[in-house]
Amino acid sequence: MSNNLLALKTGRPTKYSSKIPSCVKHYTKNCLEKGIFPTIEGLALNLGTGTRTIYGWEKEYEDFLHTTELLRDTQRDLLIKNGLNGKYSTSFCIFLLKAMHGFTDNKALFQATQNNYMDISPEVL
């Protein structure tokens with residue numbers, strides 16, 4: 001039985017600590033101050049780890065997941081605002097919002113028209 005306990009504790013110890021979420025906030029804030037787009041890849045480099053480790057920490061630590069969600073919210077906000085004002089390429093913003101943030105070009109399920117208040121698509125019916 002002691003061999004089973006040893007088997008569970010093998011492997012490299014985690015670099016994660018309670019200070020990591022504040023490092024994410026600091027990274028995001030620094031990016032915004034310098035006009036740099038914050039990314040998960042940039043965060044991983046800043047923390048000296050890989051992106052797979054970042055995704056693993058998100059699954060394991062709720063406080064870390066919360067701070068990376070704030071980073072992604074910052075990304076979405078930057079893409080939308082800067083795509084609309086022309087600071088970023090609109091097509092590239094659309095691509096990133098679809099690829100990284102779940103935006104889609106789905107046809108609207110309901111359409112309001114001038115002659116018909118609400119036209120429900122056949123797929124919905």
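Good morning. The structure under discussion is a predicted model, and I shall begin with its overall layout. The chain contains 6 helices and 2 strands. Followed along the sequence, these elements come in the order α-α-α-α-α-α-β-β. The chain has 125 residues, of which 27% count as buried. Among the contacts with a separation of 6 or more, 45% join residues 24 or more positions apart.

Let us turn to helix α3, which spans residues 40–47. Which of its residues are buried? They are Ile40, Gly42, Leu43, Ala44 and Leu47. The buried residues of α3 pack against α2, α4 and α5. Just after α3 comes Gly48, with a positive phi of about 70 degrees.

I now come to the pairs of helices. Two packed helices are described by the angle between their axes and the distance between those axes.

The pair α4 and α5 comprises residues 51–60 and residues 62–84 respectively. Their axes come within 6 Å and cross at roughly 120 degrees. The crossing of α4 past α5 is left-handed. On the α4 side, the contact is made by Ile54, Tyr55, Trp57, Glu58 and Glu60, while α5 contributes Glu62, Phe64, Leu65, Thr68 and Arg72. Sorted by class, the residues of this contact are 5 nonpolar, 1 polar and 4 charged.

How do the axes of α5 and α6 compare in angle and distance, α6 being residues 90–101? They come within 9 Å and cross at roughly 155 degrees. Angles over 145 degrees count as roughly antiparallel, which makes α5 roughly antiparallel to α6. Here too, α5 passes α6 in a left-handed crossing. The α5 residues in this contact are Arg72, Gln75, Arg76, Leu79, Ile80 and Gly83, and those of α6 are Thr90, Cys93, Leu96, Leu97, Met100 and His101. By class, there are 6 nonpolar, 4 polar and 2 charged residues.

Finally, I would draw attention to Arg72 of α5, which is listed in the contact with α4 and in the contact with α6. Thank you.

Key. Residues are numbered from 1 along each chain as its sequence is written. This is a predicted model: local features need pLDDT of at least 70, side-chain atom pairs count only at pLDDT 80 or more; totals for chains, interfaces and linings use all residues. Side-chain values use heavy atoms; hydrogens and water are left out. Helices (H or I, at least four residues) and strands (E, at least two) are DSSP runs, numbered from the N terminus. Buried means under 20% relative accessible area, exposed over 50%, partly exposed in between (1.4 Å probe, protein chains only). Contact means heavy atoms within 4.5 Å. Axes are lines fitted to C-alpha atoms, for helices over the stretch in contact, and angles run from 0 to 180 degrees between N-to-C directions. A crossing is left-handed if the near helix is turned anticlockwise from the far one by less than a right angle, and right-handed if clockwise. Ala, Val, Leu, Ile, Met, Phe, Trp, Tyr, Cys and Pro count as nonpolar, Asp, Glu, Lys and Arg as charged, and the others, Gly among them, as polar. Angles under 35 degrees count as roughly parallel, over 145 as roughly antiparallel, 65 to 115 as roughly perpendicular and the rest as oblique.
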